[in-house]
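Here is a friendly walk through one protein model, written for someone who likes to look at the residues while reading. Please keep the viewer open as you go.

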Amino acid sequence: MAKKETPELNASSLADIAFLLLIFFLVATTMSTDTGLARMLPPMSDSKDDDAPPIKERNVFTVNLNFRNELLVEGDWLQVKDLRAKAKEFIANPANLESLPEKTETEVEFFGLYPVSKGVISLLNDRGSSYQAYLEVQNELQAAYNELRDELARVKFRKPYDECSDAEQKAIKTIYPQRISEAEPKNYKK
């Protein structure tokens, strides 16, 4: 008896189909991307650093994070959990103390003339500090601004900051502008 041969399948177009499927999945698939920290960078200045006006020492709140993830704030060792309250006191300067930032009377919509702080938070971290500790410090500083803005919104507009209109939020941001200066990380450990 003669053996029947099974016909071969033409596989020449199989590679084309696999290639088309691969392209389809590459185009149709979305990749999640890490967003990082939202920060508004200042515009580039044409002037040299020598022309920059000097900032008074009382207007600068220094925060240093070392390679051991220890926090030195204004010359005092501090726990990260205590940073928010210290930053809020600096930013708001409620008693208008001479040791805290000075204020200038500024015309603000909804508020009229309002004392606005000239304070700047200066953050410097060591290259050896952990990313987790750096983020904790950033979160506490951001939370200080958020809480002050929310408190002011509740007093003035009787609603949380998030529920305020764009104009109301802009007015509150004028009173509590987020000024965090980050210096180039240093390498203290030798």
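Glutamine 169 counts as buried, because its relative accessibility is 17% and buried means under 20% relative accessible area, with exposed over 50% and partly exposed in between (1.4 Å probe, protein chains only). You will find glutamine 169 in helix 4. Helices (H or I, at least four residues) and strands (E, at least two) are DSSP runs, numbered from the N terminus. Leaving aside neighbours within four places in sequence, glutamine 169 is in contact with Tyr161, Asp162 and Cys164, where contact means heavy atoms within 4.5 Å.

A word on the source: this is a predicted model, in which local features need pLDDT of at least 70 and side-chain atom pairs count only at pLDDT 80 or more, while totals for chains, interfaces and linings use all residues. Residues are numbered from 1 along each chain as its sequence is written, and side-chain values use heavy atoms, with hydrogens and water left out.

**The chain as a whole**

The protein chain has 4 helices and 7 strands, and along the sequence they follow the pattern α-β-β-β-α-β-β-β-α-α-β. Buried residues make up 28% of the 190 residues in the protein chain. Among contacts with a separation of 6 or more, 63% are between residues 24 or more positions apart. The chain exposes about 14,200 Å², and carbon and sulfur atoms supply 55% of that area; accessible areas come from the Shrake-Rupley method with a 1.4 Å probe, and for residues only the protein chains shown count as cover.

In soluble globular proteins, nonpolar side chains tend to be buried together. Here, the largest nonpolar core has 34 residues, and Val63 and Ile121 have the most contacts inside it. Strand 1 (60-65), strand 2 (71-73), helix 2 (80-92), strand 6 (120-125), helix 3 (131-156) and helix 4 (166-175) each supply at least two residues of this core. Helix 3 gives the most, with 9 residues. A nonpolar core is a set of buried Ala, Val, Leu, Ile, Met, Phe, Trp, Tyr and Cys residues joined through side-chain atoms within 4.5 Å.

Isoleucine 121 is worth a look of its own. This residue is found in strand 6 and counts as buried, at 0% relative accessibility. Which residues does isoleucine 121 touch, not counting those up to four places away in sequence? The list is Phe61, Val63, Phe90, Ile91, Leu141, Tyr145, Arg179, Ile180 and Ser181. The C-alpha atoms of isoleucine 121 and serine 181 are separated by 6.0 Å, although the two are 60 residues apart along the chain.

Helix 2 has buried residues too: Val80, Leu83, Ala87, Lys88, Phe90, Ile91 and Ala92. The 13 residues of helix 2 should span 18 Å at 1.5 Å a residue, and the end C-alpha atoms are 19 Å apart, which agrees. The expected span of a helix is 1.5 Å times one less than its number of residues.

**The aromatic cluster**

Rings of Phe, Tyr and Trp (its six-membered ring) pair if their centres lie within 6.5 Å; planes under 30 degrees apart count as stacked, over 60 as edge-to-face and the rest as tilted. By this rule the count comes to 6 aromatic pairs. Two of them involve phenylalanine 111 and are edge-to-face:

| Pair | Centre to centre | Angle between planes |
|---|---|---|
| Phe111 and Tyr114 | 5.4 Å | 70° |
| Phe111 and Phe157 | 5.9 Å | 80° |

Phenylalanine 111 lies in the loop between strand 4 (103-108) and strand 5 (112-117) and phenylalanine 157 in the loop between helix 3 and helix 4, so their pair ties together parts that are 46 residues apart in sequence. Phenylalanine 111 is buried, with a relative accessible area of 15%, and phenylalanine 157 is buried with a value of 15%. Tyrosine 114 is partly exposed at 24%. Phe110, Phe111, Tyr114 and Phe157 form one aromatic cluster.

Lysine 156 lies over the face of phenylalanine 111, at 5.2 Å from the ring centre. A charge sits over a ring if NZ of Lys or CZ of Arg is within 6 Å of the ring centre and within 35 degrees of the ring normal.

**Positive phi angles**

Phenylalanine 110 is found in the loop between strand 4 and strand 5; its phi is near 75°, a positive value in a residue other than glycine. Asparagine 96, in the loop between helix 2 and strand 4, has a positive phi of about 55°. Asparagine 93, which follows helix 2, has a positive phi near 45°.
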